[in-house]
Every structure is written in C-alpha cells, then in structure tokens.
Number of protein chains: 2
Amino acid sequence: MNQLSFLDHLKTPRTARGRKTQAKIIQAAEIEFGERGYHEASITSITQRAKVALGTFYVYFESKEELFRALVIYMGKLARATIAEKIGKAPDRITAERRGIEAFIEFTRANKNNYRIIGEAQFVAEDAYREYYRVFAEAYRDNLKMSAEKGEIEAGHEEERAWALIGMNVFLGMNYGLWDETKSASEIAAAVGDLITYGLKGSKGS
Amino acid sequence: MNQLSFLDHLKTPRTARGRKTQAKIIQAAEIEFGERGYHEASITSITQRAKVALGTFYVYFESKEELFRALVIYMGKLARATIAEKIGKAPDRITAERRGIEAFIEFTRANKNNYRIIGEAQFVAEDAYREYYRVFAEAYRDNLKMSAEKGEIEAGHEEERAWALIGMNVFLGMNYGLWDETKSASEIAAAVGDLITYGLKGSKGS
C-alpha cells in the first residue's frame, strides 16, 4: 500500500524526494497533534520530529491548520485502505462487515492517536470533520446498495444503515481499541456478528 | 421530570433556592461551553448568563473545570432521562430500541450543544468522557440482559452489543440530529428498524 498516494489532495511535489518529505511531515504531525493536541502543537516541533528544516515546512504547507486538515484527510484514507485490504475479497457483505469491524479495532489499537485527532477536528476544522465521516458514509452506502442488488442483504434505507454501521464501528473501536484490550479484535467482531448478520439480512432471513 | 435531581453528585445546596441557583449556573454553562468551547468560556460570562453574582459561583463550584465535569454528568443524566421517558412502557426491547433512537435524534435536535460539550470532554476531562459512555453502556447492557432473559432477543455478548448500539445512536444523532434534518426522527428510527429488530432477535427469528 503506497501511503504517499493519500496526499493527492495537496500540491503534489514533483520529485519522489519531495513526496517523501511531505509524507514525513504528515507522519510527524500525527504524533505531534495526537500527543499534544492542536493548540499546543507547534510547527517547529513537527519539523524537528520529521527531521526537516523549518523553511522546508512552508514549501509543502501554508500553516498549521492546513497541515491539520491534510492529516485528517490522510487518516481517513489510511483507515479506509487498511480496512479495504483486510476485507479483501470477502465472499459477501456479511463477511465483509465482520472483517471490517475486526480491521477497524486493530487499526485503532495500532493508531491510538486517530480518535484524538478526528475528535479534535470537530473543533478545529469542523468542515474537515464532517467531510471525514461523509466520505465514509457514502462509500458505506454504495457498498450496501451493491450488496442489496446482489441479494445478499435486505434493500432500502442504505444511507441510514450506513450511518448506523459507522457508529457501531467507531464505538466498538473506541471501547475495545482504546480502553479495553482484553479481548482480541476477532472476538469482538464475532460477538456482534449476529447483530450485523441478521440485522442486514432482515426479512430475507438467513 | 425534576432536573434538579441530576445534580446529586455535587454538594447539594440545603435550600430550594440554592438548588435552583446551582441549576441556573449549570444551564448557563451549557450555552457558554457549547457556543464558545471550554478554553474560551469564562466564569464571568457564565454568571452573567445565569444572572448570579460572581461570588455566588464559588459557593457551588470550585473552578471552571469542576463546573464542566458537572455539566457532562448532567447532560448524560438529561439524555438518559429524556430517552427513558420516551421509551416509557414499551412492550418489548425492540420497540424500546426504536423509540430510543427516535428520542435520541429529537434530543440532539433540541440540544445542539450536547455533541460539542461531550466531544470536548475527550480533551478537557477524559475521565469524565469515559465515564459518560461507561454509564450508558452499563445501563444498555443490563437492559439487553433483561430482555434476553425474557426471551425477547437473542442472549449473549450484551456488553459488545451495547457498545455497538450506543454507537448507532450517537452517529444517527450526529448526522440526522445536527447535519441533516430533512427527515423526521421517527422516519430515521423506522429506516434502521429492521437492522435492529432482526439484528437483536438473531437466530431467534421474528
């Protein structure tokens, strides 16, 4: 998985070296914003973490806020790519949902700054926060529609069901990813398996 | 519904007048913290909104942080009481869940500051944030267990299902309570009705 492709929304540096530098700054920003929060975070500290000169920062980003917004988009793409990779060629939507929950909990455990950064976006860059979830919801809705067309799940209300399922994932990720790691991610996914399986199949039965 | 009883966790003023003053400060804090955020919020402005003297504030609260924590607890109790009232004497868990979603979306539409305040708690008072959801999750888990014992829903994994259902509620509330009010709360609850009904009944069928 080429993480650099997640930076498509920014001015793309022309050289591979430039793209690498831009990515290093974003990755340093993830640690800085995650550990210190937006207001305490400093560009100087980010460039030190990234091991680049302060002047270099401004080649790629105009401000701390622009970098933060870029990071929110980056984290959304990273989460979706990680989940998509794990879902892989799931034979059907039900299997995909369960693998998705497992992947999201694992992602949260491996990226503990994610919730703080996205949560803080609600205050620092509310439009980026909404966009973060809007993109998730649209992709989810389209997946549910495709699965309904194939007859794997009940059809209808895909948008509302997408928001409900995202919420499930986010809260399972929050509790079992950040606060309670006593069970494995696959145990958690299995525990809510029936809720999802029967819930999505609905009157189509099992 | 007596909102004053939500303040049980604080030093309870001895007089009815004192309890009323304390409640006025909390309600003013809801507006101040919701509109300006924790860091910009000021005790002076809160006392002005509440129409009480600055000195009066310190009779009831030690600091801005103590008031904020009290507010988070208050909002949790208010949300649960509002939902419980709406669920009322629902004949079974499935009906209760659907009424609960409807009530929560309506609560969000009527209390738009709720998400900002709870969201900010994640940064300002993380323990209060965790406690806020832990209390919800425990009550939810116990309700699911009781319903499973009555045979209304499938038994098992009540804790995990509780977190999943809370997430559903929170995200439906966020999208349809704050961002998209084109449909009524009851339409949204109906749209996810099968997901919940079949999901909770599981292999017990319908």
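**View 1. Residues of both chains line the largest cavity.** The lining consists of Glu154(A), Ala155(A), Gly156(A), His157(A), Arg161(A), Ala191(B), Asp194(B) and Leu195(B). The model is predicted: local features need pLDDT of at least 70, side-chain atom pairs count only at pLDDT 80 or more, and totals for chains, interfaces and linings use all residues. Residues are numbered from 1 along each chain as written, chains are lettered from A and ligands numbered from 1 in written order, and side-chain values use heavy atoms, without hydrogens or water. A cavity is a set of points, on a 1 Å grid over the protein atoms alone, where a 1.4 Å probe fits but cannot get out; lining residues have an atom within 4 Å of a point. By class, three lining residues are nonpolar, two polar and three charged. Here Ala, Val, Leu, Ile, Met, Phe, Trp, Tyr, Cys and Pro count as nonpolar, Asp, Glu, Lys and Arg as charged, and the others, Gly among them, as polar.

**View 2. The search of the whole structure finds one cavity of 30 Å³ or more.** Volume is the space filled by probe spheres set on the points, with grid points joined across faces, edges and corners.

**View 3. Chain B superposes on chain A by a rotation of 180° with 0.0 Å of shift along its axis (RMSD 0.0 Å).** This is therefore the relation of a two-fold axis. In chain B, the C-alpha nearest the axis belongs to Gly199(B), 1.8 Å away.

**View 4. The contact takes 39 residues from chain B and 39 residues from chain A.** Contact means heavy atoms within 4.5 Å. About 3,700 Å² is buried between the chains, 67% of it from carbon and sulfur atoms. Buried area is the accessible area (1.4 Å probe) lost on putting two parts together, summed over both.

**View 5. Glu160(A) forms a salt bridge with Lys183(B).** Their closest N and O atoms are 2.6 Å apart. The count between chain B and chain A is two salt bridges (side-chain nitrogen of Lys or Arg within 4 Å of a carboxyl oxygen of Asp or Glu).

How values were computed:
On a 1 Å grid over the protein atoms alone, a cavity is a set of points where a 1.4 Å probe fits but cannot get out, and a pocket is an open set with protein on both sides within 12 Å along at least five of seven lines; lining residues have an atom within 4 Å of a point. Copies are superposed by least squares on the C-alpha atoms of residues with pLDDT of at least 70 in both.
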